[in-house]
Amino acid sequence: MTATPILEARQLVKRFPVKGGLLGKARSWVHAVDDVSFAIAAGESLGVVGESGCGKSTTARLLVHLLEPDAGTILLDGRPIGVTNGVPLTQARRQIQMVFQDSFASLNPRLTVEASVAFGPRVHGVSQREATERARSLLARVGLEPDRFAGRYPHELSGGQRQRVNIARALALQPRVVILDEAVSALDKSVEAQVLNLLLDLKAEFGLTYVFISHDLNVVRYMSDRVMVMYLGKIAELGPVASIYDDARHPYTRALLSAMPSMNPRRRTTQAPLAGDPPNPIDPPPGCRFKARCRHAEEVCGQGDIQLYAAGEAHRVACLMDQPRAGHSHSAKAVVP
Amino acid sequence: MNLTATLPAVVPARPAQGYWRSVLGRLVRDKVAMFCAFMLLAIVLIAIFAPWLAPYDPAAASMLKRLQPIGTEGHLLGTDELGRDLMTRLMYGGRLSLVMGIGPVVLAFVIGSLLGVTAGFAGGMVNTSIMRTVDVFYAFPSVLLAIAISGALGAGLVNALVSLTIVFIPPIVRVAESVTTQVRSLDYVEAARASGAGNAVIIRLHVLPNVVGPIFVYATGLVSVSLILASGLSFLGLGVKPPLAEWGLMLNTLRAAIYSNPWVAALPGLMIFTVSICCNLLSDGLRQAMDVTR
Amino acid sequence: MLLYLIKRLLYVVPIALAVSAVCFSLVFLAPGDPLSAVLPADASTEMVEKLKADYGFDKPIPVQFARWVGRAVQGDLGTSIATGRPVAIEIGRAISNTFVLAFFACAIGFTLGLFFGTVAGYFQGTWIDKLVTAIAVAGVSVPHYWLGMVLVIVFSVVLNVLPAVGMGADGSSQWAWDWEHLRFVILPAITLSMIPTGIITRTVRALVADILAREFVAALRGKGLTDRGVFMHVVKNAGPTTLAVMGVQLGYLLGGSILVETVFSWPGTGFLLNTAIFQRDVPLLQGTILFLALFFVALNLIVDLLQTLIDPRIKRS
Amino acid sequence: MSAAPLVEVRDLAVSFSRGGQSIAAVNGVSFDLAAGEVMGVLGESGSGKSVTLRALLRLLPEHRTRIGGSVRVDGHDVLALRGRALDDYRGAVTSMIFQEPMLSFDPVFTIGRQIAESVKRHTGVDDKAARARALEMLDRVRIPSPARRLEAYPHEMSGGMRQRAMIALALACRPKLLLADEPTTALDATVQIQILLLLRELQQEFGMAVIFVTHDVGVAAEVSDRLGVMYAGRLVEIGPAVDVIESPSHPYTRGLLSSIVRGDMRGTRIEAIPGAPPDLAALPAGCSFAPRCAHVRPECLASVPPMRAATEDHAARCILVGPLAPA
């Protein structure tokens, strides 16, 4: 990419202590996000997929600065956030907003819908009248007629309606980037479809950039321009949506894709691509995180850090099989793109 | 697809209303709670207006009319060991008993919430130091702690208030801390933080309104304990001093009379029991009314 | 598991020290200077000097505290002003009587509480539940010292079937397991059992109702377990919490029996405390409270350890 | 089908009372299921699919629920069973696996004990034989090192392993009917497919009938021979899974299938169903989908349309279906 990315993560690391030692000292660490770097161009949608424990939600929280990374930097328009000479944190927060999975937990039960949406602008110094006005027009925009819904409390709305409020709330600050963390996962399919349509409309209308996090590969494919596949805190593969879905290189991505139900009773899945569950990211061994479940794993996979390697234009894979001269028996077949 | 077409077909029938108003709405439909609230209100009013309502002077003793039984003419509820009218003293006694019962809980609610919310919101070292201190007081059975402090301080209204307040702070801190810790990690607080809101705004708008309810309900449940303990201190001679009228103290001084006039001697305790059970039932009703999941 | 045990044991040390500090500071809460608080009014000059030296009131407070703790560890809790006997001996005499009373009160309270609570939990929402809940609310709302008086009025004054005060016919303070002594313990034990009955009923009711509403109970029924089979699961799940509540209640009974012991003139630690308060006998007050509080700390430790033993979720993690 | 079906559900109706209101969760569901057949039930939240399933095992809270209609499973009049007879039916004739395996095991008993308990209850064998059976079942569901897992507590296993153990428990007494309530919804994608394949394999091996409730069309397509679609407490369509998915007859089924993103749909709009499902406390008199239906006619609002056959074994509850449909 030649243009400066709107949002960029450089070598993000986040670890959580597992309590249990004497005097409450951490004995081991959950490596939630481990050396993750990626960049998002303005107007783009980056899809993030992965199973539980892969670090996709932690990444989201790092991007909106709800968590502080243990190492690494996040850049907005090429300038680091929250450091001297960088973008001030409040500025960054206005520009990067987030929609959470649990539509109920993410609304204050003691505030009306309108107050919740108006809260952000109020914090940033917009007058009460203007903030309310903005809230009402946004509620109307997400399909909730303000005269009927503005004065309601969250428990008086359905799940789909609450998620619309959350979207309005995120948009109230007129952000440029919206992080959608499993934002439609808890909704019924027919409601999910309505909300996905709404999200695409809003993106076009406000020129938004999306980070769309989901475990549903179909939805990610529909929503994203590029897709990032994560496994146990690391990026497994990153590339344009078409090449990820049609030409997946990482064995984990291929497993994920072939684990999708067929949707066709005449052509049912006959073999599970992987055995067992994804392990916990507690003190993972060195080398490729996926090697314990990978059928191509060789001794060399357990040595050193596996870096992302270019497997095509804008397509990066963290697998030795795609790296020439990496020492894996399949490496020989890999070609320099 | 047209966006207005996505408007849901079904909207809840009831109009939008504030949380506390809906709680009140549910509470007034609870017959038991309303009866208790009425009883308490009556007792409080009688205590407040005792000087105008009581038939006699609470200190007017009469050696001739000592320990009259219930139903005596002129003394409907009998007289005490000094011949003072019992109904009068029960009315006046409510003043001190209620103050000693409710006062410590109110004080502990304010101080305990402050400490607990601070501990829960700040976390880390602040949390550890507050909560470990609270643990020490938890190592005493509550009655014992009240008696230890009162016993050392000596008798007196203020001393009793102080010792009871100290007893009720730790449990309120614990509740406040745990509720705050829960609320702090909820998505809407995170969302507010992600909007760039500072701690002060988050506490005022997002934390306090959501933690005050549970702490308050818990505190209302302590009123009955406080009432019993306060009167208990007076009963032991650690609360107010004679000749003041206070139900626990009256119970103590009348105790000597249980052989000659047993039922009169039991009356002050009946008052404590009535107030205490009403407080408990009202607190239970409030807890149920606040449960939005129902 | 082992690590947890060690942690739990180590945690008792600072708590015990802090509890001692609170008890120690009671001397300074008392009005007047601390020396007068630990001295009888008619103390001779030698005695004043001796106590001064013993307590070291001229030394800084931390040193005083250290010496006080040092003596307490050796079993020396000072001398009672009222009786002139060592506080430790006074406590030793009284504590066994308090244990007897607490034993009976627990027996009554725990049995009723467990029974009522389980029944109400199983029949949640029915009239049985409402009745039991009413009993429980009454149990926690009743001023037990007053209930004691009412029981005395009914059974001693009006019916004259049970003794009103004391723990033996001849005013003795020596317990024996015979009817003569049992008669004396009935009323105070019932009185003291009211609060644990109420609290355990409430706790167990909530626990049982909560467990019965859990998905795994549906799964147990779904595999054809009989009601008795399901009940076994409910018991094991409710066990740890119930045990903890019972432990705390036992501690409260020991520490909170002062009012009931006063009403019934039961010669236990509560009665001792009452004496200490009235005679302004601060060493006795301090010593008794320290003893009871440390006992409560130990009790909590035991309950915690027992809980770990019966709950596999803690045991294996 | 010539032989008597294993399961015969007729006009099943379930309502709950809540806060003075009556919630009509299931409103007249009828279907048959042959021995060894797998039926998928597809529906969104509040469609009554899970309630129907629980009614078949009588797991709904007795005092708050009213159940009408009839349910016959393998000759048992399920709704009339009482006491011991009900306990004998549960787990032996019909058993169930649940959505959240962590919540459906008792946390303080070992997995082995919980399986053995069921075996002992229904076969009356001794402890040792029951444990042997439990071990055999853990092996059958391919849990690695089953002997060690017998002694494990639920929290010590991963989600996929727990669901395998739940299947072992459910099949330990060789039931004729297995009820599956969204058993893969809480699992990760790569684990979900393992469990689906395992279920399919064990179904063939044990020859039991299965009713598989899910909200996920893909999952339903993987396991079902026949497929039922539920909406607002009614079965609105039922037929061979291939037919229902490839040529849906009910407007709701069509809407549901078109709102699901699949394959490469980028750049096209999803055809979502407008609106939301009706309030179960105040169902409309006619077709409950009518308020959201693009083809609604006055007749739809008057009364609930009957099931109409589209083909021999494919029917839908819509007046526009079948040869007699108004033009």
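This is a predicted model: local features need pLDDT of at least 70, side-chain atom pairs count only at pLDDT 80 or more; totals for chains, interfaces and linings use all residues.
The C-alpha trace of chain C extends over about 80 × 60 × 35 Å along its principal axes. Of its 317 residues, 52% are classed as buried. Contacts between residues at least 6 apart in sequence were also examined in chain C, and 71% of them join residues at least 24 apart. The accessible surface of chain C amounts to about 13,600 Å², and carbon and sulfur atoms contribute 69% of this area.

One helix of chain C, α8, covers residues 179-212 and has 34 residues. A bend of about 35° is found in α8(C) at C:S193. The proline C:P196 follows within four residues of this bend.

Chain D has both element types, with 12 helices and 12 strands. Its radius of gyration is 21 Å, close to the 20 Å given by the globule rule for 327 residues, and chain D is therefore as compact as a globular protein of that length. Along the principal axes, the C-alpha trace of chain D spans about 65 × 50 × 45 Å. Buried residues make up 60% of the 327 in chain D. Among contacts in chain D with a separation of 6 or more, 64% are between residues 24 or more positions apart. The accessible surface of chain D is about 12,400 Å², with 53% belonging to carbon and sulfur atoms.

Key: Residues are numbered from 1 along each chain as its sequence is written. Chains are lettered from A and ligands numbered from 1 in the order in which they are written. Side-chain values use heavy atoms; hydrogens and water are left out. Helices (H or I, at least four residues) and strands (E, at least two) are DSSP runs, numbered from the N terminus. The expected span of a helix is 1.5 Å times one less than its number of residues. The bend at a residue is the angle between axes fitted to the seven residues ending there and the seven starting there. The radius of gyration is taken over C-alpha atoms; the globule rule is 2.2 Å times the number of residues to the power 0.38. Buried means under 20% relative accessible area, exposed over 50%, partly exposed in between (1.4 Å probe, protein chains only). Contact means heavy atoms within 4.5 Å. Accessible areas come from the Shrake-Rupley method with a 1.4 Å probe; for residues, only the protein chains shown count as cover.
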